Amino acid sequence: MNNFNNVHDFLKQNQKLHLRIAEFYRSLSMKAESQRTKLLLDILIKHELELLDFVSAYLDKASDKTQEAFIQFDPEQNIDSLFSTDFNHAQVTSEQVEALAGRFNQYLSDIYQGIAKSNESQEVEKVFDNLHQHTEQKKKQLSIDINEMNDI
């Protein structure tokens, strides 16, 4: 690992990532022809905005000491590659959208878990462990929401 950042800057970047993902879903929704896929994308937009709010809450309540602490992380892939698709956006299927959402969620979960495990500060470890746990819970809730949508 060779990338360093303080917790505050990392969380700010993360907020931007959640907004970017939500906007990507919104763009797909505007192009998608399938109503079912549009419904799924609407659920995912809500999911990303909830994750954004959760990260924002950490920025509001974390101590200055925690926010100023430096963390080391090494994203395994360029974030832009997460947004690359090999499907026609107008013809996107719910299965393709689910795979895309899984890719975004796994990326964030892996980063949070990696930082939590590799950090020496208990406060910083707690922040990233909580973010990881919350992301995992949101993934489960998202699966439930998708299954309920598929039952309709």
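## Salt bridges

A salt bridge here is a side-chain nitrogen of Lys or Arg within 4 Å of a carboxyl oxygen of Asp or Glu. The structure, a predicted model, holds five of them. One joins the side chains of Asp80 and Arg20, at 2.9 Å from N to O. Asp80 sits in helix α4 (residues 79-82) and Arg20 in helix α1, so this pair ties together parts 60 residues apart in sequence. Helices are DSSP runs (H or I, at least four residues), numbered from the N terminus.

## Packing of α1 and α5

The axes of α1 (residues 7-31) and α5 (residues 94-118) come within 12 Å and cross at roughly 175°. That makes α1 roughly antiparallel to α5 (an angle over 145 degrees). Axes are lines fitted to C-alpha atoms over the stretch in contact, with angles from 0 to 180 degrees between N-to-C directions.

Contact means heavy atoms within 4.5 Å. Among the residues making it are Phe10, Leu17 and His18 of α1 and Phe104, Leu108 and Tyr112 of α5. By class, the contact has 14 nonpolar, two polar and no charged residues.

## The cavity

A cavity is a set of points on a 1 Å grid where a 1.4 Å probe fits but cannot get out. One cavity of 30 Å³ or more is counted. The largest cavity holds about 40 Å³ of space.

Its lining (residues with an atom within 4 Å of a point) includes His18, Leu108, Tyr112 and His134. Helices α2 (35-61), α5 and α6 (122-151) each supply at least two lining residues. The lining has six nonpolar, three polar and no charged residues.

## Basis

Residues are numbered from 1 along each chain as its sequence is written, and side-chain values use heavy atoms, without hydrogens or water. Local features need pLDDT of at least 70 and side-chain atom pairs pLDDT 80 or more, while totals for chains, interfaces and linings use all residues.

How values were computed: Parallel < 35°, antiparallel > 145°, perpendicular 65-115°, else oblique. Nonpolar A, V, L, I, M, F, W, Y, C, P; charged D, E, K, R; others polar. 1 Å grid on protein atoms, 1.4 Å probe; cavity = no way out; pocket = protein on both sides within 12 Å on 5 of 7 lines; lining within 4 Å. Points joined across faces, edges and corners; volume = space filled by probe spheres on them.
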